[in-house]
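Please read the following explanation alongside the sequence and the 3D view.

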Amino acid sequence: MKLNLKIWRQENAKATGKMVDYQVDHIEPDMSFLEMLDILNDQLIEKGSDTIAFDHDCREGICGMCSLFINGEAHGPDRLVTTCQLHMRKFKDGDTIYIEPFRAKAFPVIKDLVVDRSAFDRIQQSGGFISVNTSGNTIDANTIPIEKHDADRAFDAATCIGCGACVATCKNSSAMLFVSAKVSQFALLPQGKVEATDRVLNMVAQMDQEGFGNCTNTGACEVECPKGISLEYIAQMNREYLSASLK
Ligand code: SF4
Ligand code: FES
């Protein structure tokens with residue numbers, strides 16, 4: 001396949017960015033989207049041009065780094081996949097593809113397609129953990145019986161990879177789906193109940209402080225989430241938040 005690419009180029013957070021046209025050739029349908037960008041970067045290196053900066057790490061749908069807005073959709077046209085799992089068979093020879101970074105006030109552009117998502121790290125640090133006794137008397141987690149329904153829901157919440165697609169997709173740049181997954185994965189388990197009150201209050205306060213918008217129940221986040229995190233977790237977090245506020 002031969003493809004026309006329109007790619008966002010931006011030197012740094014303060015620079016004015018713009019879409020730049022590129023052409024890339026010899027793209028196989030079985031290549032991943034990131035492999036297609038690798039080939040483009042090889043071509044740019046051969047020409048002595050500045051390569052396109054984009055984030056990636058695992059290339060297996062696990063780390064959440066490969067956050068690209070492709071033809072107006074977070075992680076591109078496929079569903080329940082990250083950009084690294086998106087294959088070029090989803091495109092046709094001669095297609096024009098628009099590639100942009102995830103856009104949100106709380107995700108400033110570092111360079112080109114790379115954004116700074118450390119706001120998510122700070123939200124996690126404010127409460128996305130449990131404290132355990134590691135003095136040698138640690139109780140094995142499996143000794144505490146947990147209802148299967150709760151275990152399954154906690155596991156589903158824990159599959160959030162922190163990619164930020166929910167934020168990039170939301171018209172309000174809301175991080176509610178991400179934060180609700182991180183709150184719920186602990187709130188549903190006995191080990192998470194000890195710090196549940198502080199957790200939800202602190203994480204929501206940090207989310208607001210980082211400049212994310214509010215949730216207006218549009219549901220776009222759930223559609224674009226590569227891990228299928230459900231809006232139900234936002235309802236769960238709202239319940240947790242209400243009960244914590246009344247204590
Ligand atoms: S909730 Fe989904 S879209 Fe949002 S950060 Fe987690 S995995 Fe990504
Ligand atoms: S590179 Fe890790 S999820 Fe895509």
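The paragraphs below begin with the basis of the values and then turn to the pockets.

This is a predicted model, in which local features need pLDDT of at least 70 and side-chain atom pairs count only at pLDDT 80 or more, while totals for chains, interfaces and linings use all residues. Residues are numbered from 1 along each chain as its sequence is written, chains are lettered from A and ligands numbered from 1 in the order in which they are written, and side-chain values use heavy atoms, with hydrogens and water left out.

A pocket is found on a 1 Å grid over the protein atoms alone, as an open set of points where a 1.4 Å probe fits, with protein on both sides within 12 Å along at least five of seven lines; its lining residues have an atom within 4 Å of a point. Grid points are joined across faces, edges and corners, and the volume is the space filled by probe spheres set on the points. The largest pocket has a volume of about 230 Å³. Among the residues that line this pocket are I130, V132, N137, I144, Q191 and E195. Its lining divides into 6 nonpolar, 5 polar and 1 charged residues. In this division Ala, Val, Leu, Ile, Met, Phe, Trp, Tyr, Cys and Pro count as nonpolar, Asp, Glu, Lys and Arg as charged, and the others, Gly among them, as polar.

The second largest pocket has a volume of about 160 Å³. Its lining includes C63, M65, D116, R117, F120 and F178, and by class holds 5 nonpolar, 4 polar and 3 charged residues. Helix α2, residues 118-125, gives the most to this lining, with 4 residues. Helices (H or I, at least four residues) and strands (E, at least two) are DSSP runs, numbered from the N terminus.

R117, one of the residues lining the second largest pocket, also forms a salt bridge with D55, the closest N and O atoms being 3.8 Å apart. R117 lies in the loop between β7 (114-115) and α2, and D55 in the loop between α1 (33-47) and β3 (68-70), so the pair ties together parts that are 62 residues apart in sequence. A salt bridge here is a side-chain nitrogen of Lys or Arg within 4 Å of a carboxyl oxygen of Asp or Glu, and by this rule the count comes to 14. R117 counts as buried at 11% relative accessibility, and D55 counts as buried at 18%. Buried means under 20% relative accessible area, exposed over 50%, and partly exposed in between (1.4 Å probe, protein chains only).

E210 pairs with R122, with the closest N and O atoms 2.7 Å apart. E210 lies in the loop between α7 (196-209) and α8, and R122 in helix α2, so the pair ties together parts that are 88 residues apart in sequence. E210 is buried at 15% relative accessibility, whereas R122 is partly exposed at 37%. Elsewhere, R9, D50, K111 and D112 are linked in a network of salt bridges.

The last stop is a histidine. H75 is found in the loop between β4 and β5 and counts as buried at 0% relative accessibility. Its side chain reaches the backbone nitrogen of T83 at 3.0 Å. That is a polar contact, a pair of N or O atoms within 3.5 Å; within protein, one must be able to donate a hydrogen and the other to accept it, and residues adjacent in sequence count only if both atoms are side-chain atoms.
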